[in-house]
Amino acid sequence: MPAARTLRTRAAVAAPAVAALILGTLAAATPAGAATPVNEQAAKELPGSHPAWATAQADAGAVADSTQSTARVYLAGQNSAGLAALAKAVSDVNSPDYGKFLSADEAKTKFGATPAQVKAVTAWLTGAGLKVTDQTAHYVEVSGTTGQLAKAFGAPIHSYRTADGTHRAPARDVVVPAALAGSVLGVANLTDVQHKAVSQAVSVKDAEQAGAQSRAAAAPEAAKPDAGLPTVPTCSDNGYASKIAKGAPAGYEKNEPFAPCSYTPTQLRKAYGISDAKVTGKGARIAIIDAYALGTMEQDANHFAQLHGDKPFAKGQYSEVVTKDKWNHQSDCGDWSGEEALDVEMAHGLAPDAKVVYVGADSCLDGDLNAALAKVVDGHLADIVSNSWGEIMHGKSGDLDPAVIAADNQLFELGAVEGISFTVSSGDCGNDSPQAAATGINCEKETNQAQAQWPSSSPWVTSVGGTALELADKTGKYGHEVSMGDVRSVLSDDGKSWTPKPGTGTFYFGGGGGVSKDFQQPWYQKGVVPKSVSMTAADGTKSLTPLRATPDVAMSGDLVAATLVGYTDKGTYSEGGYGGTSVSAPEYAAILADTIQERGGRAIGFANPAIYDRAGTKAFHDVNDAAVRTPRGNVVDLGMVGGSLKVRLYKIGADYGLTAKKGYDTATGVGTPNGADYFKSFKLPRKN
């Protein structure tokens with residue numbers, strides 16, 4: 001689908017402030033010259049609430065006090081340190097409390113905001129003249145004038161000149177009453193910058209690749225290329241390199257194979273050993289979170305399954321939580337229909353007996369996606385949550401808003417104590433550097449450094465990277481995998497050469513990953529992620545202590561070795577190939593559902609400690625790009641684009657700044673699930 005959370009911009013804030021709020025602390029100092037919030041003699045600063053792009057040089061003066069605005073105050077709840085400790089204890093395979101999860105009601109009672117806290121926060125805000133417009137268990141949203149906001153938060157609102165126009169923001173870090181410092185997690189929306197997320201999926205069609213390569217429809221005829229290649233779209237449908245592109249100019253090799261036909265769920269189940277293990281996700285529940293809703297999802301998923309020899313959803317197996325009357329920012333977010341179809345069909349395809357609930361956020365804005373996460377956690381709607389969206393943490397206009405980071409992490413921790421797993425796409429832009437973004441097709445162009453994305457870099461989620469999956473032969477068994485990364489050259493008009501020359505091709509698409517400078521290394525990565533990796537952030541920053549590395553695991557997701565998806569658009573059902581770690585995240589969510597069945601219905605909860613406990617064992621394929629041997633490293637893609645037959649040459653396993661190596665790596669994590677060995681290993685918890 002068109003890139004919409006790679007409209008991945010969040011409010012600009014200072015990076016050190018991000019770490020402060022993530023740790024659940026609030027700075028004690030009151031900034032010099034700051035106004036004291038209403039009815040308070042002392043105040044506590046919220047570091048990072050003044051965005052970095054709001055500089056003195058760009059200051060265009062105070063915003064009129066009468067200007068209308070809004071703010072969202074996230075609630076810290078009770079005992080945030082205790083929440084993090086319990087989330088670790090119930091997730092750690094070596095803890096005596098491993099697997100002793102709380103119910104949603106128990107988690108709310110133990111860690112949620114108390115009525116007294118909510119009352120006090122509300123009284124503070126309304127005391128400044130603000131009006132409460134929305135309230136949940138996690139936040140209080142208010143509206144009013146900028147003058148009232150300044151009164152409540154102790155900071156004037158100014159206008160600032162930026163590259164994309166004039167925007168307003170607090171003139172300094174805001175403050176909250178000292179008595180409420182332990183009740184307030186952070187304050188969001190004090191700027192008028194729209195904070196959005198992008199889906200981590202791209203369709204072959206939208207990427208101007210070949211057509212769908214669907215087995216369900218005949219390919220249109222086209223003029224024969226001068227190179228003497230076939231006259232119709234062609235793909236390898238009998239193993240990864242079953243058809244050689246004879247007649248094409250020599251590329252990376254003398255004769256490249258055609259790209260594989262888009263994989264179906266049946267092929268993926270066989271390749272990853274799900275079929276042999278005879279697991280179907282029975283008894284497990286998967287939640288899919290995206291923006292908006294397709295409207296025809298269940299019937300499309302059933303039609304897709306039946307076309308490709310699979311079972312449709314049984315009655316009551318699929319459900320939706322959607323509030324269409326509250327949708328907003330659709331023109332900014334774009335069409336998420338393909339993303340939704342991809343996620344639902346991958347989850348159902350790889351765990352055909354699991355229940356699936358689709359939770360459609362009201363937009364791709366961070367606040368709405370956070371609210372969708374809260375619906376799942378507060379209602380314990382699922383055992384696993386798949387999130388195929390993300391955004392950069394550092395950009396030209398500043399850094400990601402620490403209030404939203406803290407709010408997301410709080411939900412991930414609450415989910416962990418309830419026994420809920422979260423899988424998150426790691427991104428589609430390699431190391432997300434400006435160099436990768438210059439040519440990558442699903443990149444955030446405003447990135448200013450190599451980095452790991454959010455929420456993939458959260459220490460409380462399973463970050464899922466991508467691979468290019470190669471089937472061994474006509475049996476469809478697992479053959480090989482390399483890191484998800486494509487360098488592209490295009491056949492010249494005369495059909496005699498490639499442009500640019502092979503070996504100098506342009507980075508086009510790749511899996512995300514890297515070491516985050518914003519988070520310390522979580523306990524479960526110790527001893528698995530080598531210090532040679534963890535002590536240096538993606539942008540080259542050296543650290544005195546190990547840092548969080550991503551991804552944790554990986555699965556098939558490459559755009560060249562694409563995955564088939566079908567859905568109804570403008571009244572017509574069609575199918576096409578998709579790529580991205582948006583494919584990988586729901587695939588691994590389905591693997592976790594299958595694992596729950598293998599464990600007799602026992603929830604896994606936060607999966608990373610168990611994953612790293614099995615790193616280096618037969619449970620995982622150790623993906624290693626150096627092990628690739630010709631002719632598996634390069635493919636020719638031949639298909640229709642805009643009514644014409646086009647030919648492109650790809651070198652795969654060529655991600656930008658990331659390489660799959662022996663052992664843990666920042667392209668594929670600890671590797672990909674290894675069929676029966678994986679499921680047997682997870683059947684019972686291991687102890688070190």
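Which cysteine does a disulfide join to Cys429? The partner is Cys443, with a sulfur-to-sulfur distance of 2.0 Å. I shall return to that pair after an introduction to the chain as a whole.

Colleagues, please keep in mind that what we are viewing is a predicted model. The protein chain has 688 residues, and buried residues make up 61% of them. Its secondary structure comes to 17 helices and 33 strands. The accessible surface of the chain amounts to about 24,000 Å², and carbon and sulfur atoms account for 52% of that surface.

Let me turn to the disulfides. A disulfide is a covalent bond between the sulfur atoms of two cysteines. The count here comes to 3 disulfides. When the bonded cysteines are counted along the chain, their pattern reads 1-2, 3-4, 5-6.

I begin with Cys235 and Cys261, whose sulfur atoms lie 2.0 Å apart in a disulfide. The torsion about this S-S bond is about 85°, so the disulfide is right-handed. Cys235 and Cys261 each sit in the loop between β11 and α6, where α6 covers residues 265-271, and the two cysteines are 26 residues apart. Are these two cysteines buried or exposed? Both Cys235 and Cys261 are buried.

The next disulfide joins Cys333 to Cys364, with an S to S distance of 2.1 Å. Here the torsion about the S-S bond is about -85°, and the link is therefore left-handed. Cys333 belongs to helix α9, residues 330-333, while Cys364 lies in the loop between β14 (355-361) and α11 (366-379); the pair therefore ties together parts that are 31 residues apart in sequence. Why does Cys333 count as buried? Its relative accessibility is 1%, and the cut-off for buried is under 20%. Cys364 is buried as well, with a relative accessible area of 0%.

That brings me back to the opening pair, Cys429 and Cys443. The link between them has 100° about the S-S bond and is right-handed. With a relative accessible area of 0%, Cys429 is buried. Cys443 has 8% relative accessibility and also counts as buried.

I now move to one of the sheets. Strands of a sheet pair through backbone hydrogen bonds, either parallel or antiparallel. In what order do the 3 strands of this open sheet stand? The order is β11-β29-β28, and the pairing is antiparallel. Strands β11 (202-203) and β28 (563-569) stand at the edges, and each has a single partner strand, which means that one side of each is left without a neighbour in the sheet.

How many bridges join β28 to β29? There are 7 bridges between them, and β29 covers residues 572-579. For one example, Gly566 has Glu575 in β29 as its bridge partner. Helix α10, residues 337-350, packs on the sheet and touches both β28 and β29. The direction of α10 makes about 125° with that of β28.

To close, I would ask you to locate two features in the model: the 3 disulfides, and the open sheet with the order β11-β29-β28. Thank you for your attention.

Key
Residues numbered from 1 in each chain as written. Predicted model: local features only at pLDDT ≥ 70, side-chain atom pairs only at ≥ 80, totals over all residues. Heavy atoms only, no water. Pairing = 2+ DSSP bridges. Helix = DSSP H or I, 4+ residues; strand = E, 2+ residues; numbered from the N terminus. Contact = heavy atoms within 4.5 Å. Axes fitted to C-alpha atoms, helices over the stretch in contact; angles between N-to-C directions. Disulfide = S-S within 2.5 Å. Buried < 20%, exposed > 50% of the residue type's maximum accessible area, 1.4 Å probe, protein only. Areas by Shrake-Rupley, 256 points an atom, 1.4 Å probe, with all protein chains shown as cover.
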